[in-house]
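This note concerns the charged side-chain pairs of the structure shown below. Please read the points alongside the sequence and the coordinates.

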Amino acid sequence: MKPHLRKCWSIPPKQNAAFVAAMEDVLDVYARAYNAECPVICMDEKPMQLLHEVREPLPMEPGKPERYDNEYKRNGTCSLFVFTEPLVGWRQMSARPRRTGIDFAEEVRALLEGRYAHVPKIVLVMDNLNTHSIASLYAAFDPETANRLAKRIEIHHTPKHGSWLNVAEIELSVLSKQCLKPRMPDLDTLQREVKAWEHKRNSEQKGVSWHFTTDDARTRLKHLYPVILS
């Protein structure tokens, strides 16, 4: 027992039909066989503070890690966008000043007209943030463009309090541990660092092997399912 410790956690509601419906929908998507003509892409966002050092960090020495002063200067906020295709070990990171519906729509368009310009449709798994919708495409682009992009997206939302079902969140966790420990003073520095990390991880073809299935959920997370009274 460690009563002095607390940990932030996504606690799903018990016996909640909406949660298990969305959960099983996402798990069924992950169980699909790989289809190059309709790849499964996971998307997530991470808000960040940009922080300037007020004192030069002390360099690493034998037996001593690099040391940072606990004082810093705030330099605004930004948002990281990540798209990842787990079955091929690919991910794309980008940093933006904001996380509005327009930003989301522009990221989706860049994805569809860039790496996936040749595929008829993509399956997009993401959380149910209010900006993560087809409506954002119509807010950002003319109707013809928005409709053309919307027809190429099959959206599956993770349930509320179920962000652990999004593989992109795993990528953001790895990024945070491997790349974001130093303070990032500005957007340009952050973009440069995450792109370097992205290139290295993609070149190594690091992927995520997802094993949790619908059958596992019905056994191990039985308390989340509604009790059906006969």
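This is a predicted model: local features need pLDDT of at least 70, side-chain atom pairs count only at pLDDT 80 or more; totals for chains, interfaces and linings use all residues.

1. Overall count. Across the whole structure, a search finds 13 salt bridges.

2. Arginine 201 and glutamate 171 form a salt bridge through their side chains, at 3.0 Å from N to O. Arginine 201 belongs to helix α6 (residues 187-203) and glutamate 171 to helix α5 (residues 167-178), so this pair ties together parts that are 30 residues apart in sequence. Arginine 201 is buried, its relative accessible area being 11%. Glutamate 171 also counts as buried, at 1% relative accessibility.

3. A pair within helix α6. The side chains of glutamate 198 and lysine 195 meet in a salt bridge of 3.1 Å, N to O. These two residues are three residues apart in helix α6, which means that about one helical turn separates them. Glutamate 198 has a relative accessible area of 13% and is therefore buried, the limit being under 20%. Lysine 195, by contrast, is partly exposed at 30%.

4. The pair of lysine 200 and glutamate 204. Their side chains meet in a salt bridge at 2.8 Å, N to O. Lysine 200 is partly exposed, with a relative accessible area of 48%. Glutamate 204 is likewise partly exposed, with a value of 40%.

5. A network. Salt bridges link Arg96, Arg98, Asp103, Glu106 and Glu107 in a network.

Technical notes
Residues are numbered from 1 along each chain as its sequence is written. Side-chain values use heavy atoms; hydrogens and water are left out. A salt bridge is a side-chain nitrogen of Lys or Arg within 4 Å of a carboxyl oxygen of Asp or Glu. Helices (H or I, at least four residues) and strands (E, at least two) are DSSP runs, numbered from the N terminus. Buried means under 20% relative accessible area, exposed over 50%, partly exposed in between (1.4 Å probe, protein chains only).
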